[in-house]
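The sequence and structure come first, followed by the text.

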Amino acid sequence: METHKLVMPEHLNHFGFLFGGNLLKWIDEVSYIAVTLDYPGCNFVTVGMDNIKFKKSIRQGTILCFESKKNRIGTTSVEYIVDVTREEITTGSKELVFTTRITFVSVDENGRKKAISTR
Ligand SMILES: CC(=O)SCCNC(=O)CCNC(=O)[C@H](O)C(C)(C)COP(=O)(O)OP(=O)(O)OC[C@H]1O[C@@H](n2cnc3c(N)ncnc32)[C@H](O)[C@@H]1OP(=O)(O)O
């Protein structure tokens, strides 16, 4: 699944670059939507996000593309790789600015883990 976000003034830190917590929130949100659409009827919670390294700063006005790819399916969990690329609006070129693995666990109505059902 692919989606885009526009970096606005309210997303910046006090140095004027994208606040890392906002990036992580967007990754949680877009990949939660991906897993929920991939497994209709299941409820998921995030259990972990790996490899958090902020190596590129991101300016206001940047268009970010989030691509969530299913990477591993376990008994109760599903892992996605999320690649975040910066899209250069004048040239159309793309640059990978962040990548992570995020894992969701299927839960029942009481929040207890539950085997993933495919229907
Ligand atoms: C969309 C959101 O933001 S939701 C809000 C934030 N998330 C939450 O509030 C969730 C809080 N956590 C919990 O309620 C519990 O930890 C649960 C229900 C998610 C899991 O229960 P636990 O007893 O901790 O699970 P357990 O350790 O047995 O692992 C369950 C599965 O998750 C996987 N897992 C556990 N920890 C991690 C981790 N850090 N990274 C990746 N996978 C993990 C396990 O490998 C296992 O997978 P499998 O069943 O496919 O083999």
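## Terms and model

A polar contact is a pair of N or O atoms within 3.5 Å; within protein, one atom must be able to donate a hydrogen and the other to accept it, and residues adjacent in sequence count only if both atoms are side-chain atoms. The model is predicted: local features need pLDDT of at least 70, side-chain atom pairs count only at pLDDT 80 or more, and totals for chains, interfaces and linings use all residues. Residues are numbered from 1 along each chain as its sequence is written, and side-chain values use heavy atoms, with hydrogens and water left out.

## The ligand

An N or O atom in the side chain of T76 lies 2.6 Å from an oxygen atom of the ligand. For D28, a polar side-chain atom is 2.8 Å from a ligand oxygen atom. T46 takes part through its backbone: one of its polar backbone atoms is 2.9 Å from a nitrogen atom of the ligand. On its own the ligand has 1000 Å² of accessible area, and the protein covers 51% of this. Such areas come from the Shrake-Rupley method with a 1.4 Å probe; for residues, only the protein chains shown count as cover.

The ligand is surrounded by 14 residues, of which the closest are D28, T75, T76, S77 and K113. A residue counts as near a molecule or strand if one of its heavy atoms lies within 4 Å of it. This shell has 5 nonpolar, 7 polar and 2 charged residues. In this grouping Ala, Val, Leu, Ile, Met, Phe, Trp, Tyr, Cys and Pro are nonpolar, Asp, Glu, Lys and Arg are charged, and the others, Gly among them, are polar. At least two residues of the shell come from each of α1 (20–38), β2 and β5.

## Overall fold

The protein has 1 helix and 5 strands, in the order β-α-β-β-β-β along the sequence. Helices (H or I, at least four residues) and strands (E, at least two) are DSSP runs, numbered from the N terminus. The C-alpha trace spans about 45 × 30 × 20 Å along its principal axes.

Of the 119 residues, 35% are buried. Buried means under 20% relative accessible area, exposed means over 50%, and partly exposed is in between (1.4 Å probe, protein chains only). The accessible surface of the protein is about 7200 Å², and carbon and sulfur atoms account for 51% of it.

## Strand pairing

Two strands pair if DSSP finds at least two bridges between them. Strand β4 (residues 77–87) runs antiparallel to β5, with 11 bridges joining them. D83 stands opposite T99 in β5. The hairpin of β4 and β5 has 6 residues between the strands, and G92 there takes a positive phi near 80°.

Strand β5 (residues 94–107) also pairs with β2 (residues 43–50), in the antiparallel sense and over 7 bridges. Here F44 has S106 of β5 as its bridge partner.

## Two residues

T103 is in strand β5. Why does T103 count as buried? Its relative accessibility is 13%. Beyond its neighbours within four places in sequence, T103 is in contact (heavy atoms within 4.5 Å) with V45, T46, V47, G48, R72, S77, V78 and E79.

N51 is in the loop between β2 and β3 (63–73). N51 has a positive phi of about 60°, although it is not a glycine. Most residues other than glycine have a negative phi. With a relative accessible area of 40%, N51 is partly exposed.
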